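Please read the following report beside the sequence and the model, which is shown first.

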Amino acid sequence: MRVATIDAEGTRYALTDSGLIDGQDYKTLLMFHGTIFNRESFEPLVPSFNKQGIRVINVSRRSYGETSEHSAIDIANLAEGRDEFLKVLARDVANLLIWVLDNLGPFEGHSLSMLSWSMGTSTTLSLLGQRDIVSPETYARIERYLEKLVLHDSSLTAFGFDIPTLEGQYNPFLDRSLPTIQEYSDNINMYLSMYFDHPDLQSRQHSGVNFSRNGTRPTMARMTPEYIARIMEPKAAMTAADAGAVPYPPIQRMLREQANEALFKPDLVLPSVTITAVGCMQTSWFLLWAFIELERRHKELIERGVKVRPITFVELPNANHFVHYDAPDEFVLCVAKILKD
């Protein structure tokens with residue numbers, strides 16, 4: 001593990017780096033985990049990525065591991081839905097990329113990509129959606145190297161999308177029947193790790209998606225207690241320092257505006273950076289509907305002649321939110337193809 005000091009204020013980011021790959025041109029992938037599940041979730045994938053000619057820099061997000069914690073001011077800004085919270089993330093991502101270029105190179109032009117999982121997408125999108133906090137000089141340098149952003153099974157909330165409310169729908173985040181915080185949290189994680197059979201995904205309608213609680217084969221139930229202890233880190237959630245663990249209505253506006261700025265405005269920052277959204281076709285509705293809604297909005301704007309950021313949509317069949325655990329080879333090959341195309 002390395003700890004990068006990325007600015008004059010001493011902000012630290014912990015990361016692991018699989019290192020230079022000798023004898024070949026290769027791509028470098030910075031990976032950003034989601035809420036509660038830390039960077040250890042991705043560590044078992046590193047050898048497989050290396051075999052595909054992909055160097056992995058696996059990052060601990062703010063308030064995880066040895067990375068600097070969010071300040072009390074940051075946490076207050078998040079709770080109130082103030083943009084200043086996202087600006088901190090944008091500054092951090094930009095400064096981290098500059099640190100990587102300065103300390104872990106050399107890199108070929110357009111050889112860097114980022115991948116974010118679940119609510120981690122709110123962190124990576126900040127680089128593209130908070131333009132007034134990053135200097136033009138910093139953007140210019142990043143643009144020479146950053147090529148792609150992969151959004152892996154992102155949540156509705158990462159984009160600020162409205163959450164559907166349907167008859168018979170089960171929302172684990174609103175389940176108040178569980179008597180303790182631990183049971184409430186365990187229920188969410190178990191639900192999100194289930195496999196769901198969706199009746200008609202091609203329709204892209206509510207009727208084609210399983211919004212019930214009737215999932216099967218939760219990945220979490222097949223993990224050992226020792227492995228769960230290694231990959232789960234509740235500190236950020238318990239201190240309300242992660243956007244994935246705070247009440248949604250106050251933060252929806254800022255996340256929606258960030259996504260619109262990053263993806264759907266004609267005047268884009270880093271316009272050469274393309275996006276691939278990876279949707280897991282047996283994931284829960286909370287994640288699958290984000291994929292469907294992102295695709296719908298993107299197509300609608302293109303049909304209206306609006307200039308938007310290029311987004312490619314990739315479907316992973318038979319995959320749930322933890323495909324990188326259940327089917328690691330399939331996941332690595334999918335990401336490798338995205339980075340090399």
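N210 counts as buried because its relative accessibility is 13%, where buried means under 20% relative accessible area, exposed over 50% and partly exposed in between, with a 1.4 Å probe and protein chains only. The model is a predicted one, in which local features need pLDDT of at least 70 and side-chain atom pairs count only at pLDDT 80 or more, whereas totals for chains, interfaces and linings use all residues. Residues are numbered from 1 along each chain as its sequence is written, and side-chain values use heavy atoms, with hydrogens and water left out.

The side chain of N210 reaches the backbone oxygen of D197 at 3.4 Å. P266, by comparison, counts as partly exposed because its relative accessibility is 49%. P266 and R55 are 211 residues apart in sequence and 33 Å apart in space, C-alpha to C-alpha.

The table lists contacts (heavy atoms within 4.5 Å), not counting residues up to four places away in sequence.

| Residue | Relative accessibility | Residues touched |
|---|---|---|
| N210 | 13% | F196, D197, H198, P199 and W285 |
| P266 | 49% | V306 and K307 |

Turning to helix packing, two packed helices are described by the angle between their axes and the distance between the axes. D74, N77 and L78 of α2 make the contact with E84, F85 and V88 of α3.

Notes. Helix = DSSP H or I, 4+ residues; strand = E, 2+ residues; numbered from the N terminus. Polar contact = N/O pair within 3.5 Å; in protein donor to acceptor, adjacent residues only side chain to side chain.
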